[in-house]
There are 2 protein chains.
Amino acid sequence: MTMHVLNVDLGDRSYPIYIGEHLLAQGELLHRHIKGRQICIVTNETIAPLYLRPVQESLAGHQVDTCVLPDGEAYKTLAVLNQVFDKLLGARHNRTTTLIALGGGVVGDMTGFAAACYQRGVDFIQIPTTLLSMVDSSVGGKTGVNHPLGKNMIGAFYQPQAVLADMALLRTLPERELSAGIAEIIKYGLIGDYPFFVWLEQNMDALMARDMDALAYAVKRSCENKADVVAQDEREGGLRAILNFGHTFGHAIETAQGYGNWLHGEAVGAGMAMASDLSWRRGAISDGELARILSLLERSKLPTKAPADMTPEQFTSLMGVDKKVLDGRLRLVLLESMGKAITTSDINPDQLQQTFVACRAGA
Amino acid sequence: MTMHVLNVDLGDRSYPIYIGEHLLAQGELLHRHIKGRQICIVTNETIAPLYLRPVQESLAGHQVDTCVLPDGEAYKTLAVLNQVFDKLLGARHNRTTTLIALGGGVVGDMTGFAAACYQRGVDFIQIPTTLLSMVDSSVGGKTGVNHPLGKNMIGAFYQPQAVLADMALLRTLPERELSAGIAEIIKYGLIGDYPFFVWLEQNMDALMARDMDALAYAVKRSCENKADVVAQDEREGGLRAILNFGHTFGHAIETAQGYGNWLHGEAVGAGMAMASDLSWRRGAISDGELARILSLLERSKLPTKAPADMTPEQFTSLMGVDKKVLDGRLRLVLLESMGKAITTSDINPDQLQQTFVACRAGA
């Protein structure tokens, strides 16, 4: 497979995303972006046995320390973040150190935030190990941890020096996590890239079969789409909100079910089905177009309905406290047409209730 | 007193420092820099009884929450920082909130860091209540907390929306803290502004007597000096190091004595005496110039000697682990002439030992 190199254009914070197969074995890719002799690899208990050694081996000649965190969103906290600082200070890492995030979104978010804060900012490199983190947290610079009162409430916008998206790592990814990553990929097609949506319709079987070339293309095109949006709105002033397509509904599902029961990408899958349903009720897309969206979600083994036990009242309540509610007005990201999302506060409450009712499992 | 307004020029992160008397009562100064309706005042147990109420009163009409932290460097930790996040999330502060730091350096550093991290960045305003924080942390954007293995190891560069330096607050400042602030003021004269050093020689009695006009002038000129350096080197690449004049020696004293026994400014006072002594041994300043520096430090009731129990061996050891040691080479900020500091690694070890010996109390 040819390696793709995508440049995320953010002025003096620009960086490349390398997309290919067996990138971990190519030490020179990492060395290109490491300026000091100290390195700390941050990973978790699940990933360490699988991929820590090849990364360590490709860094021979450096001071390589490792910090293995417990696996899971429950550990994305300030207290666990402090374990990274303990390691860095205990091993006397100075300002020229480089952190390497080897893991999924949680490891990436925490490592990026640790890099943003350690001695007021050191370099970091991301090696995402899930499809979701390859297409989502690779681009955008969002880093941080959760607080008991809210997800991602403590963090920073901080860009990596480089991202290595190694398709070979996806061979060990659990099936549900593959689907969860595809949810975000479908999102890019729906919100801004109709030709990509059509490509996904034609290539979903290859993606689900983990065809390496198909996955690499989907990752590259997803990152390009996200990078386009982020370059126009790095610090989330307005446009970037369209990346939350499906997420307001999805967050309500995640909150109701307890985080960790549904994967984030699964909740986004059902959330996109709901946002598409509401878009259809507004007349923005046709019956046939809605059917195509639902069919693509189903082919990627994503849920297209909210859990049966979630009532319209519960959605109303949970979406009212969502952090995207600004000045008491509900704003939603909806489709204006296939391949084009908009942010709107012009929501018909009756149509929204109809969506809650229609998109409940068993309805 | 006329209010001075000094603009710290950092492109789109520029902000004003207002310097005057009774600024707290002028609500419009704060309102100019508050864009939302939510405000959280962060202060400590010592300052709250003195000045919290007037600040609250000048913000009538807003949602004003307060977070009162324990007083002291020992509480400048991630765990105490989390109390600020608890308050913000508990009171549902959104991204348009403004934090107000009402206190000295610890409160300023922690509040600035909380603002940098809360929802990945919200506004903050500084109201420094010590002379040291007016002339030091008002300019430079350094925020953060300590770690058991190192001071200020976790933080961010983050600029406030505005700084209000209210001279009236200095009336209640303990005498030792007044002197500690003057140490940093003298530093600006020594490292880059010889005419200011001469002004300080002429006006030290007025400063020590808390003449409001003299204090305001000294604060303004200090902030101008620091802003000049920071504007040229916002993220501490090189030039900014001269701001550490006296600090490498001072850190050794603080570490040896245990933080909190000597005030930071006191240690910097003795540290500047030591750096000046070494500069004199190198022939950079004359006998008479060294005497003028020591005399000015004495008039501001600052120590000009290290503690009697600190041996040259102890200095050697402690300065070897200082974070300013890069690649195994000791770099020091020394005077090239009166009013001009340089960073140099061209240190004569014998002369350095002579300084350790000569600058020990009782020597």
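Chain B superposes on chain A by a rotation of 180 degrees with 0.0 Å of shift along its axis, at an RMSD of 0.0 Å. The two copies are therefore related as by a two-fold rotation axis. The same surface serves both copies, since 100% of the contact residues of chain B recur in chain A. The model is predicted.

**Interface between the chains**

- The contact takes 28 residues from chain B and 28 residues from chain A.
- About 2,600 Å² is buried between chain B and chain A, and carbon and sulfur atoms give 57% of that area.
- Three residues, B:Leu89, B:Arg120 and B:Met153, supply 29% of the area that chain B buries against chain A, more than any other three residues.

**Sheet of chain A**

- Seven strands of chain A form an open sheet in the order β1-β2-β9-β6-β5-β3-β4, with mixed pairing.
- Its edge strands are β1 (4-8) and β4 (63-69) of chain A, each of which pairs on one side only.
- From one strand to the next, the twist averages 20 degrees.
- Strands β6 (residues 123-128) and β9 (residues 162-166) of chain A run parallel and are joined by two bridges.
- A:Gln126 stands opposite A:Val163, a residue of β9(A).
- Helix α3 (residues 78-90) of chain A packs on the sheet and touches β3 (38-44), β4 and β5 (98-103) of chain A. The direction of this helix makes about 160 degrees with that of β4(A).
- Helix α8 (residues 212-232) of chain A also packs on the sheet, where it touches β1, β2 (15-20) and β9 of chain A. The direction of helix α8 makes about 10 degrees with that of β1(A).

**Sheet of chain B**

- In chain B, an open sheet of seven strands has the order β1-β2-β9-β6-β5-β3-β4, and the pairing is mixed.
- The edge strands are β1 (4-8) and β4 (63-69) of chain B, and each pairs on one side only.
- Neighbouring strands of this sheet are turned against each other by 20 degrees on average, direction ignored.
- Six bridges join β5 (residues 98-103) of chain B to β6(B), and the two strands run parallel.
- B:Ile100 stands opposite B:Ile125 in β6(B).
- Helix α3 (residues 78-90) of chain B lies across β3 (38-44), β4 and β5 of chain B and runs at about 160 degrees to β4(B).
- Helix α8 (residues 212-232) of chain B lies across β1, β2 (15-20) and β9 (162-166) of chain B, at about 10 degrees to β1(B).

- B:Arg120 is not a glycine, yet has a positive phi near 65 degrees.
- B:Arg120 lies in the loop between α4 (105-117) and β6 (123-128) of chain B. With 6% relative accessibility, B:Arg120 counts as buried, because the cut-off for buried is under 20%.
- A:Lys301 has a positive phi of about 60 degrees and is likewise not a glycine.
- The loop between α11 (287-299) and α12 (312-320) of chain A holds A:Lys301. A:Lys301 has a relative accessible area of 54% and is therefore exposed, the cut-off being over 50%.

**Surroundings of B:Thr355**

- B:Thr355 belongs to helix α13 (residues 349-358) of chain B, and counts as buried at 0% relative accessibility.
- Its side chain makes a polar contact of 2.8 Å with the side chain of B:Asp277.
- Leaving out residues up to four places away in sequence, B:Thr355 touches B:Met274, B:Asp277, B:Leu278 and B:Arg281.

Methods:
Residues are numbered from 1 along each chain as its sequence is written. Chains are lettered from A and ligands numbered from 1 in the order in which they are written. This is a predicted model: local features need pLDDT of at least 70, side-chain atom pairs count only at pLDDT 80 or more; totals for chains, interfaces and linings use all residues. Side-chain values use heavy atoms; hydrogens and water are left out. Helices (H or I, at least four residues) and strands (E, at least two) are DSSP runs, numbered from the N terminus. Buried means under 20% relative accessible area, exposed over 50%, partly exposed in between (1.4 Å probe, protein chains only). Two strands pair if DSSP finds at least two bridges between them. Axes are lines fitted to C-alpha atoms, for helices over the stretch in contact, and angles run from 0 to 180 degrees between N-to-C directions. Contact means heavy atoms within 4.5 Å. Copies are superposed by least squares on the C-alpha atoms of residues with pLDDT of at least 70 in both. A polar contact is a pair of N or O atoms within 3.5 Å; within protein, one must be able to donate a hydrogen and the other to accept it, and residues adjacent in sequence count only if both atoms are side-chain atoms. Buried area is the accessible area (1.4 Å probe) that two parts lose on being put together, summed over both.
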